Amino acid sequence: AQSVDDAYIRAVLDLVQRRIFRLRDIPDYVAQFFERDIAWDEADRERALTGNPVAHLVLEAAEVELGSLGESDWAAPKIKKLLSRLPKVVLASNPAIGKAPKAANVMLPLRWASTGSLKGAELPETLALLGRETVLDRIERKRNAFDK
């Protein structure tokens, strides 16, 4: 079992508290922060990936771009800035798609791949709290699933 300090628990609860309206919702919002092998919600998978022809490209670009942030730079403001550039990065690396993907076509696959769900707190803050290694590992696993 992994030991979690009180400061991390408080940070998670501070991040998600505005999203929780019923006690039974707590596990849905916090499990992603405490479990390495999360259960990816299949209904959310359909919403994030079905009809999104750039989902695989988004995960490839996100893995590279987020991976370019070092551990010391892994903070919500820097992640937010990077995510705002992601549609242009996807287009630049894949000009055949014709135009930059819409924000939803970028953020939904990224949120689903990194958290297992489409609901949650602000994505940059969530990614920062999850940690660089966890986020990159989850994105890689879901990106690799496209190839199978």
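## Aromatic pairs and the nonpolar core

Visitor: How many aromatic pairs does the count come to?
Guide: This is a predicted model. Ring centres must lie within 6.5 Å to pair. By this rule the count comes to two.

Visitor: What geometry do Tyr8 and Phe34 form as an aromatic pair?
Guide: Tyr8 belongs to helix H1 and Phe34 to helix H2, 26 residues apart. Their ring centres are 5.6 Å apart.

Visitor: Is Phe34 buried, partly exposed or exposed?
Guide: Buried means under 20% relative accessible area, and exposed means over 50%. Phe34 has 32%, so Phe34 is partly exposed.

Visitor: How many residues apart in sequence are the parts that Trp40 and Trp112 tie together?
Guide: The two form a tilted pair, 6.4 Å centre to centre, with 55° between the planes. Trp40 lies in the loop between H2 and H3, and Trp112 lies in helix H6. The parts they tie together are therefore 72 residues apart.

Visitor: Is Trp40 buried or exposed?
Guide: The cut-off for buried is under 20% relative accessible area. Trp112, its pair partner, is buried at 2%. Trp40 has 15%, so Trp40 counts as buried.

Visitor: Which residue lies over the face of Trp40?
Guide: The distance from the ring centre is 4.0 Å. The residue is Lys142.

Visitor: Which residues touch the most other members of the largest nonpolar core?
Guide: This core has 38 residues. Helix H4 gives the most to this core, with seven residues. The residues that touch the most other members are Leu66, Leu83, Leu110 and Leu127.

Definitions and conventions: Residues are numbered from 1 along each chain as its sequence is written. This is a predicted model: local features need pLDDT of at least 70, side-chain atom pairs count only at pLDDT 80 or more; totals for chains, interfaces and linings use all residues. Side-chain values use heavy atoms; hydrogens and water are left out. A nonpolar core is a set of buried Ala, Val, Leu, Ile, Met, Phe, Trp, Tyr and Cys residues joined through side-chain atoms within 4.5 Å. Buried means under 20% relative accessible area, exposed over 50%, partly exposed in between (1.4 Å probe, protein chains only). Helices (H or I, at least four residues) and strands (E, at least two) are DSSP runs, numbered from the N terminus. Rings of Phe, Tyr and Trp (its six-membered ring) pair if their centres lie within 6.5 Å; planes under 30 degrees apart count as stacked, over 60 as edge-to-face and the rest as tilted. A charge sits over a ring if NZ of Lys or CZ of Arg is within 6 Å of the ring centre and within 35 degrees of the ring normal.
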